Amino acid sequence: MKTYFKPPRPGETSVAAACPICGCYTVRQFWRLPEYSFQRCTGCGHVYQNPRPSPLDLVERYDEDYKQYEVDNADNFFNLMRLGLDDVGFSGLEASLPPGKRALDVGCATGMLVAALEKRGWQAEGVEVCQASADYGRATRGVTIHVGTLDSLHLPAASFDLVHSSHVIEHVSEPGAFLREMHRILKPGGYLVCATPNLASYQARRFGTEWRSAIADHVHLFSLRSLRRLIRQCGFQPLRHKTWGGIALGLAPPRRKACLDRWAKRLGFGDVQIQLARKPLVSGISRRSGGG
Ligand SMILES: [Zn+2]
(Lines give C-alpha, C1' and ligand atoms only; values in the text may rest on other atoms or scores of the structure.)
Protein backbone atom coordinates (compact mmCIF):
# COMPACT_ATOMS: atom_id res chain seq x y z
CA MET A 1 0.00 0.00 0.00
CA LYS A 2 2.74 2.45 0.91
CA THR A 3 5.14 3.99 -1.57
CA TYR A 4 8.50 2.21 -1.89
CA PHE A 5 10.95 3.17 0.83
CA LYS A 6 13.97 1.92 2.71
CA PRO A 7 13.50 1.62 6.47
CA PRO A 8 16.22 3.28 8.55
CA ARG A 9 19.33 1.09 8.75
CA PRO A 10 21.06 0.29 12.04
CA GLY A 11 23.76 2.84 12.74
CA GLU A 12 22.16 5.73 10.89
CA THR A 13 22.71 9.10 12.53
CA SER A 14 19.75 11.24 13.55
CA VAL A 15 20.11 14.99 13.82
CA ALA A 16 17.84 17.61 15.37
CA ALA A 17 16.57 20.19 12.93
CA ALA A 18 14.76 23.52 12.90
CA CYS A 19 11.59 23.96 10.89
CA PRO A 20 12.65 24.87 7.34
CA ILE A 21 9.76 27.27 6.96
CA CYS A 22 9.70 29.39 10.13
CA GLY A 23 12.97 28.42 11.84
CA CYS A 24 11.19 27.31 15.02
CA TYR A 25 12.73 24.47 17.09
CA THR A 26 9.61 23.53 19.05
CA VAL A 27 7.56 20.58 17.81
CA ARG A 28 4.69 18.37 18.91
CA GLN A 29 4.29 14.71 18.11
CA PHE A 30 2.22 14.25 14.95
CA TRP A 31 2.59 10.63 13.80
CA ARG A 32 4.66 7.98 15.56
CA LEU A 33 5.71 4.91 13.57
CA PRO A 34 7.89 2.05 14.77
CA GLU A 35 11.22 3.34 13.42
CA TYR A 36 10.61 7.02 12.80
CA SER A 37 8.16 9.76 13.63
CA PHE A 38 6.76 12.97 12.25
CA GLN A 39 6.52 16.15 14.33
CA ARG A 40 4.43 19.26 13.78
CA CYS A 41 6.13 22.66 14.13
CA THR A 42 4.40 24.71 16.82
CA GLY A 43 5.29 27.89 14.94
CA CYS A 44 3.83 27.29 11.49
CA GLY A 45 2.33 23.78 11.50
CA HIS A 46 4.82 22.24 9.07
CA VAL A 47 5.19 18.46 9.53
CA TYR A 48 8.64 16.86 9.32
CA GLN A 49 10.87 14.25 10.86
CA ASN A 50 12.71 15.67 13.86
CA PRO A 51 15.20 14.31 14.64
CA ARG A 52 15.80 13.25 11.08
CA PRO A 53 18.35 11.06 9.32
CA SER A 54 21.60 12.76 8.33
CA PRO A 55 21.80 13.89 4.67
CA LEU A 56 24.53 11.30 3.96
CA ASP A 57 22.47 8.43 5.38
CA LEU A 58 19.47 9.55 3.32
CA VAL A 59 21.46 9.56 0.07
CA GLU A 60 22.81 6.05 0.77
CA ARG A 61 19.28 4.65 0.78
CA TYR A 62 19.07 5.16 -3.02
CA ASP A 63 20.80 2.03 -4.23
CA GLU A 64 20.35 -0.80 -6.76
CA ASP A 65 16.92 -1.73 -5.27
CA TYR A 66 15.76 1.82 -5.77
CA LYS A 67 16.98 1.78 -9.37
CA GLN A 68 15.01 -1.38 -10.05
CA TYR A 69 11.89 0.16 -8.53
CA GLU A 70 12.33 3.17 -10.84
CA VAL A 71 12.94 0.97 -13.89
CA ASP A 72 9.89 -1.19 -13.14
CA ASN A 73 7.63 1.85 -12.73
CA ALA A 74 9.17 4.23 -15.28
CA ASP A 75 6.20 4.27 -17.68
CA ASN A 76 3.66 4.78 -14.90
CA PHE A 77 5.68 7.54 -13.22
CA PHE A 78 6.28 9.27 -16.54
CA ASN A 79 2.58 9.22 -17.32
CA LEU A 80 1.78 10.76 -13.93
CA MET A 81 4.41 13.46 -14.50
CA ARG A 82 2.95 14.22 -17.91
CA LEU A 83 -0.56 14.55 -16.46
CA GLY A 84 0.76 16.82 -13.69
CA LEU A 85 2.54 19.02 -16.21
CA ASP A 86 -0.67 19.27 -18.24
CA ASP A 87 -2.48 20.37 -15.07
CA VAL A 88 -0.21 23.38 -14.59
CA GLY A 89 -0.31 24.41 -18.26
CA PHE A 90 3.11 23.17 -19.31
CA SER A 91 2.52 23.29 -23.07
CA GLY A 92 1.60 26.98 -22.94
CA LEU A 93 4.67 27.73 -20.84
CA GLU A 94 6.84 25.75 -23.25
CA ALA A 95 5.46 27.58 -26.27
CA SER A 96 6.29 30.94 -24.67
CA LEU A 97 10.01 30.16 -24.47
CA PRO A 98 12.47 30.86 -27.30
CA PRO A 99 14.46 28.15 -29.14
CA GLY A 100 17.44 26.79 -27.22
CA LYS A 101 15.46 26.55 -23.99
CA ARG A 102 17.15 24.57 -21.23
CA ALA A 103 15.57 22.26 -18.67
CA LEU A 104 16.86 20.42 -15.63
CA ASP A 105 14.99 17.50 -14.05
CA VAL A 106 16.17 17.17 -10.45
CA GLY A 107 15.71 13.61 -9.21
CA CYS A 108 15.37 12.39 -12.78
CA ALA A 109 15.70 8.65 -11.91
CA THR A 110 16.41 6.93 -15.25
CA GLY A 111 15.96 10.11 -17.27
CA MET A 112 12.64 9.43 -18.97
CA LEU A 113 11.44 13.03 -18.71
CA VAL A 114 14.85 14.31 -19.82
CA ALA A 115 14.60 12.20 -22.99
CA ALA A 116 11.02 13.32 -23.62
CA LEU A 117 11.95 17.01 -23.25
CA GLU A 118 14.83 16.58 -25.69
CA LYS A 119 12.40 15.16 -28.24
CA ARG A 120 10.30 18.31 -27.77
CA GLY A 121 13.25 20.56 -28.61
CA TRP A 122 14.66 21.29 -25.16
CA GLN A 123 18.30 21.04 -24.15
CA ALA A 124 17.61 18.86 -21.15
CA GLU A 125 19.72 17.37 -18.37
CA GLY A 126 18.99 15.45 -15.21
CA VAL A 127 20.30 15.25 -11.67
CA GLU A 128 20.14 11.98 -9.76
CA VAL A 129 21.64 10.80 -6.46
CA CYS A 130 21.36 7.12 -7.36
CA GLN A 131 24.42 6.11 -9.40
CA ALA A 132 22.74 2.93 -10.68
CA SER A 133 19.70 4.85 -11.97
CA ALA A 134 21.91 7.42 -13.67
CA ASP A 135 24.03 4.71 -15.32
CA TYR A 136 20.89 2.98 -16.58
CA GLY A 137 19.46 6.24 -17.95
CA ARG A 138 22.66 7.21 -19.72
CA ALA A 139 23.05 3.75 -21.26
CA THR A 140 19.45 3.18 -22.36
CA ARG A 141 18.33 6.71 -23.24
CA GLY A 142 21.61 8.47 -24.07
CA VAL A 143 20.75 11.43 -21.86
CA THR A 144 22.94 13.66 -19.70
CA ILE A 145 22.55 12.89 -16.00
CA HIS A 146 24.67 14.50 -13.30
CA VAL A 147 25.18 12.24 -10.29
CA GLY A 148 24.97 13.82 -6.85
CA THR A 149 22.77 16.08 -4.81
CA LEU A 150 21.80 19.33 -6.50
CA ASP A 151 23.84 21.47 -4.10
CA SER A 152 26.96 19.33 -4.60
CA LEU A 153 27.04 19.90 -8.36
CA HIS A 154 27.53 23.68 -8.39
CA LEU A 155 25.73 24.11 -11.71
CA PRO A 156 26.13 27.53 -13.36
CA ALA A 157 23.88 30.30 -12.08
CA ALA A 158 21.00 31.58 -14.22
CA SER A 159 21.39 28.80 -16.79
CA PHE A 160 17.98 27.05 -17.02
CA ASP A 161 14.55 28.12 -18.25
CA LEU A 162 12.85 25.29 -16.36
CA VAL A 163 13.74 23.29 -13.27
CA HIS A 164 11.45 20.35 -12.63
CA SER A 165 11.39 18.09 -9.58
CA SER A 166 8.83 15.40 -8.98
CA HIS A 167 8.67 13.65 -5.62
CA VAL A 168 12.07 14.90 -4.48
CA ILE A 169 11.63 17.85 -2.12
CA GLU A 170 10.02 15.65 0.54
CA HIS A 171 13.21 13.52 0.56
CA VAL A 172 15.77 16.28 1.09
CA SER A 173 16.98 17.39 4.49
CA GLU A 174 16.84 21.12 3.82
CA PRO A 175 14.03 21.93 1.40
CA GLY A 176 14.65 25.68 1.76
CA ALA A 177 18.25 25.29 0.62
CA PHE A 178 17.05 22.98 -2.17
CA LEU A 179 14.59 25.57 -3.49
CA ARG A 180 17.11 28.39 -3.19
CA GLU A 181 19.60 26.39 -5.26
CA MET A 182 16.94 25.85 -7.94
CA HIS A 183 16.25 29.58 -7.81
CA ARG A 184 19.96 30.33 -8.29
CA ILE A 185 20.37 28.15 -11.37
CA LEU A 186 17.17 29.40 -13.03
CA LYS A 187 17.34 32.32 -15.43
CA PRO A 188 15.33 35.37 -14.35
CA GLY A 189 11.79 34.63 -15.53
CA GLY A 190 12.48 30.86 -15.46
CA TYR A 191 9.96 28.33 -14.19
CA LEU A 192 9.95 25.93 -11.25
CA VAL A 193 7.72 22.86 -11.26
CA CYS A 194 7.57 20.97 -7.98
CA ALA A 195 5.42 17.91 -7.24
CA THR A 196 5.20 16.27 -3.81
CA PRO A 197 2.63 14.55 -1.57
CA ASN A 198 -0.09 16.77 -0.11
CA LEU A 199 -0.46 16.42 3.64
CA ALA A 200 -3.69 18.43 3.63
CA SER A 201 -5.45 15.71 1.68
CA TYR A 202 -8.38 13.42 2.29
CA GLN A 203 -6.16 10.34 2.22
CA ALA A 204 -3.62 11.71 4.73
CA ARG A 205 -6.44 12.53 7.14
CA ARG A 206 -8.31 9.29 6.53
CA PHE A 207 -5.34 6.90 6.80
CA GLY A 208 -2.93 8.75 9.13
CA THR A 209 0.21 6.68 9.72
CA GLU A 210 -1.05 4.21 7.08
CA TRP A 211 -1.15 6.91 4.39
CA ARG A 212 0.96 5.81 1.44
CA SER A 213 3.27 8.82 1.85
CA ALA A 214 3.89 8.48 5.61
CA ILE A 215 7.19 6.70 4.92
CA ALA A 216 10.69 6.82 6.37
CA ASP A 217 12.21 8.40 3.25
CA HIS A 218 9.84 11.38 3.40
CA VAL A 219 11.60 13.79 5.72
CA HIS A 220 9.08 16.58 5.06
CA LEU A 221 5.34 16.42 4.40
CA PHE A 222 3.97 19.59 2.84
CA SER A 223 0.46 20.90 2.51
CA LEU A 224 -0.38 23.09 -0.47
CA ARG A 225 -0.13 26.08 1.84
CA SER A 226 3.19 25.23 3.51
CA LEU A 227 4.91 24.48 0.22
CA ARG A 228 3.58 27.65 -1.36
CA ARG A 229 4.86 29.62 1.64
CA LEU A 230 8.35 28.10 1.34
CA ILE A 231 8.40 28.61 -2.43
CA ARG A 232 7.59 32.27 -1.88
CA GLN A 233 10.20 32.63 0.88
CA CYS A 234 12.82 31.26 -1.49
CA GLY A 235 12.21 34.06 -3.96
CA PHE A 236 9.68 32.54 -6.34
CA GLN A 237 6.34 33.87 -7.43
CA PRO A 238 3.78 31.03 -7.14
CA LEU A 239 1.66 30.83 -10.28
CA ARG A 240 -0.56 27.74 -10.26
CA HIS A 241 -1.12 24.53 -8.35
CA LYS A 242 -3.21 21.41 -8.63
CA THR A 243 -3.75 18.21 -6.64
CA TRP A 244 -4.77 14.73 -7.69
CA GLY A 245 -5.28 11.36 -6.03
CA GLY A 246 -8.66 11.35 -4.27
CA ILE A 247 -8.23 7.72 -3.22
CA ALA A 248 -5.55 5.16 -4.06
CA LEU A 249 -6.21 2.25 -6.39
CA GLY A 250 -7.87 -0.66 -4.61
CA LEU A 251 -9.11 1.37 -1.64
CA ALA A 252 -12.56 2.13 -3.05
CA PRO A 253 -14.89 0.67 -5.68
CA PRO A 254 -14.07 1.99 -9.18
CA ARG A 255 -17.04 4.39 -9.39
CA ARG A 256 -16.30 5.90 -5.97
CA LYS A 257 -12.63 6.21 -6.86
CA ALA A 258 -13.45 7.99 -10.13
CA CYS A 259 -15.73 10.39 -8.27
CA LEU A 260 -13.21 11.13 -5.49
CA ASP A 261 -10.38 11.60 -8.00
CA ARG A 262 -12.45 14.04 -10.04
CA TRP A 263 -13.43 16.13 -7.00
CA ALA A 264 -9.90 15.95 -5.51
CA LYS A 265 -8.58 17.69 -8.59
CA ARG A 266 -11.36 20.23 -8.60
CA LEU A 267 -11.34 21.06 -4.87
CA GLY A 268 -7.65 20.49 -4.01
CA PHE A 269 -7.86 17.57 -1.56
CA GLY A 270 -5.82 15.10 -3.64
CA ASP A 271 -2.83 13.53 -1.92
CA VAL A 272 -0.32 14.64 -4.56
CA GLN A 273 0.28 18.30 -5.37
CA ILE A 274 2.07 20.07 -8.16
CA GLN A 275 3.07 23.70 -7.99
CA LEU A 276 4.26 26.01 -10.75
CA ALA A 277 6.23 29.09 -9.77
CA ARG A 278 8.42 31.61 -11.52
CA LYS A 279 11.69 33.30 -10.67
CA PRO A 280 10.89 36.99 -11.01
CA LEU A 281 12.82 39.01 -13.56
CA VAL A 282 14.17 41.04 -10.62
CA SER A 283 14.70 38.66 -7.70
CA GLY A 284 14.83 38.98 -3.95
CA ILE A 285 15.03 36.08 -1.52
CA SER A 286 13.40 36.46 1.89
CA ARG A 287 15.71 36.16 4.87
CA ARG A 288 13.23 33.73 6.43
CA SER A 289 13.73 31.02 3.86
CA GLY A 290 14.93 28.81 6.70
CA GLY A 291 16.96 25.63 6.51
CA GLY A 292 20.28 26.32 4.95
ZN1 LIG B 1 7.58 26.09 11.36
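Because the model is predicted, local features need pLDDT of at least 70 and side-chain atom pairs count only at pLDDT 80 or more, whereas totals for chains, interfaces and linings use all residues. Residues are numbered from 1 along each chain as its sequence is written, and side-chain values use heavy atoms, with hydrogens and water left out.

The protein contains 11 helices and 13 strands, taken as DSSP runs numbered from the N terminus (helices H or I, at least four residues; strands E, at least two). Of its 292 residues, 52% count as buried, that is, under 20% relative accessible area with a 1.4 Å probe and protein chains only, against over 50% for exposed and in between for partly exposed.

The zinc ion is coordinated at 2.3 Å by the SG atoms of Cys19, Cys22, Cys41 and Cys44, where donors are N, O and S atoms within 2.8 Å of the metal (3.2 Å for Na, K and Ca) and water is not among the atoms, so sites may look incomplete. Along the chain these donors follow the spacing C-x2-C-x18-C-x2-C. The arrangement is tetrahedral because the 4 donor atoms subtend angles of 96 to 118°, the criterion for four donors being that all angles lie between 85 and 135 degrees. Cys19 counts as buried because its relative accessibility is 1%.

Ser54 lies in the loop between β5 (52-53) and α1 (55-60), and with a relative accessibility of 13% Ser54 likewise counts as buried. Apart from neighbours within four places in sequence, Ser54 is in contact (heavy atoms within 4.5 Å) with Thr13 and Val15.

Note on methods
Four donors count as tetrahedral if all angles lie between 85 and 135 degrees; four count as square planar and six as octahedral if opposite donors are over 155 degrees apart and all others between 65 and 115; anything else is irregular.
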